[in-house]
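Here are a few notes to read alongside the structure, written as I would for a colleague. Keep the viewer open and look up each residue as you go.

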Amino acid sequence: MGDFTRHVKSVYWPETRALIFLALPICGAQLAQAGMSVVDVMMTGRHNATSLAAVSVGSSLWMPLMLFMTGTLMGLTPIVAHLLGGQRQTAIRPAVHQGLWVALLLGIVAALLLWSAVMPIFELMDVPPAVARESAAYLSAVAFGMPGIALFQALRAFSDGMNHSRPALWISLVGLSVNIPANYVLIYGGDGLVELFGTWIPGTLQQIPALGAFGCGIATAFSMWTMALAMAYYTRHGRTYKSVAIWQGLTLPQWAGIRELIVVGVPIGVAIFVEVTLFTFIALFIASFGEVTVGAHQIALSFTTILFMLPMSLSMALTVRVGNTLGQQRWALARKVAWNGVIISVIIAVINSTLLWFTAVPVISLYTSNSEIQALALSIIALAAIFQLSDSLQVTLAGALRGYKDTRIVMVITVLSYWIVGLGGGHWLGSQGIGDMVPPLGVHGYWIGLIAGLSTAALLLGWRLQHISTQE
């Protein structure tokens, strides 16, 4: 017993502490960035219903693009972590430069798509003309920020790979603090400033026009570039990065480095895109069930998404820790690091399930006073409490596998589990049922499908980690 205790203290406890210290700032950064979209919706909602609808519809287009870019650029994290663990600092700078080239290209392509492809999509979606016009204006402004947010995510992936996750937290908070006042000025114009500060402000500021959703898009793009420039400044002057000096000269595009990032990163981007579209399709399928069902589903999804930030951040931190250890060619320790992270994810799942169970009623009441929506949301959250274990496990296992640069298998497992088992099974249970045995279960059927899909992903990813972690 004494030897076991000493082993835990010498290996697992230091690793657990390092993992948590790395994960918490990542979680804070994720919450801050999510807060920007929440602020956009809240502030345009106060302007008018058309602006709110325009921002909501527009966000459903640019957010998946941004998440795909973010996932692809996350491939830089295990690359940097491996190089850092192997003390190959001189190879980090050209690797990061290839990441920045890829980020710039992705950002430009995303901007071009937002400028050129949105109106045909709105026509297919039967978006009302007034909403479509204002949403197109909003997206045309956001498009200017897409290269900025892509460059920020590349530099963030580099910093995380260097075991330095706090800058992303502080700079995300800077972005949020810039976004709120910029929104206020540009959405509401001079009238909003007068309402906030009184008539003592200069007359020129009182003449600023209210731009609504278009102003919100400008504020979002401005925040994105603020975050990119702040991250560039910090990575240039921060002491943590002195040994790498990524801003001393620029490496031109090199196919070998770009190919490595694409091979590792694109499957991550696809996996994240698949996860996002899973919930998008579910929302579209249940729209026909009525306002009460849609409202209850959105409340449950919003609540569980907030709690999901912690296991997701643990996953991102575990990628770094596993990558560092593999870079040192310490295969047995990498296996311990990976499975130690999985054990921590189980503890987090228990905490999240407990929070869901005991706080569901008061939290739901903050969203709505409608008793029908409250009752339905409570029943959905009861199902969500069940899948916390599989959800936490699957995202953490995926993070460990990304530390091994084993991303293509993760992508395949994600597509099969989410779209075939989760979405296909959920749609079958929700709209068809099982013959005469089980009637259509409505929204509950889709959430049971989520449980099945996430559990399938957790089992397959666990098998894959067991297989790859035993190879040297």
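**Notes on the model**

1. Let's begin on the surface. Helix H16 is the biggest giver to a nonpolar patch, putting in four residues. Keep in mind throughout that this is a predicted model.

2. Which residues make up that nonpolar patch? They are Phe281, Phe285, Val412, Leu416, Trp419 and Ile420, and together they have about 530 Å² of accessible area. Two elements give two or more residues each: helix H11, covering 255–286, and helix H16, covering 407–432.

3. Pick out Ile420, one of the patch residues. You'll find Ile420 in helix H16. Is Ile420 buried or exposed? Its relative accessibility is 55%, and exposed means over 50%, so Ile420 counts as exposed.

4. Now for the inside. Rolling a probe the size of a water molecule over the atoms shows where empty space is left. In this model, the count is one cavity of 30 Å³ or more, and the largest cavity has a volume of about 120 Å³.

5. What surrounds that cavity? Its lining has 14 residues, with Met74, Thr77, Ala157, Asp160 and Met316 lying nearest the centre. Helix H3 (76–85), helix H7 (146–161) and helix H12 (291–327) are the elements that give two or more residues to the lining. H7 has the largest share, with four residues.

6. Next, have a look at the second largest pocket, which holds about 220 Å³ of space. Of the 13 residues that line this pocket, Leu100, Leu104, Leu151, Leu155 and Trp247 lie nearest its centre. At least two lining residues each come from helix H4 (92–116), H7 and helix H10 (212–237). How many of the lining residues are charged? None: the lining of this pocket divides into 12 nonpolar and one polar residue, with no charged ones.

7. Two backbone spots deserve a check. Gln87 isn't a glycine, yet its phi is positive, at about 55 degrees. Gln87 is in the loop between H3 and H4, and with a relative accessible area of 66% it is exposed.

8. The other spot is Asn163, again not a glycine, with a positive phi of about 65 degrees. Look for Asn163 in the loop between H7 and helix H8 (166–197). Its relative accessibility is 30%, so Asn163 counts as partly exposed.

Definitions and conventions: Residues numbered from 1 in each chain as written. Predicted model: local features only at pLDDT ≥ 70, side-chain atom pairs only at ≥ 80, totals over all residues. Heavy atoms only, no water. Patch = residues over 30% accessible without salt bridge, like charges linked within 9 Å, V, L, I, M, F, W, Y side chains within 5 Å. Areas by Shrake-Rupley, 256 points an atom, 1.4 Å probe, with all protein chains shown as cover. Salt bridge = Lys/Arg side-chain N within 4 Å of Asp/Glu carboxyl O. Buried < 20%, exposed > 50% of the residue type's maximum accessible area, 1.4 Å probe, protein only. 1 Å grid on protein atoms, 1.4 Å probe; cavity = no way out; pocket = protein on both sides within 12 Å on 5 of 7 lines; lining within 4 Å. Points joined across faces, edges and corners; volume = space filled by probe spheres on them. Nonpolar A, V, L, I, M, F, W, Y, C, P; charged D, E, K, R; others polar.
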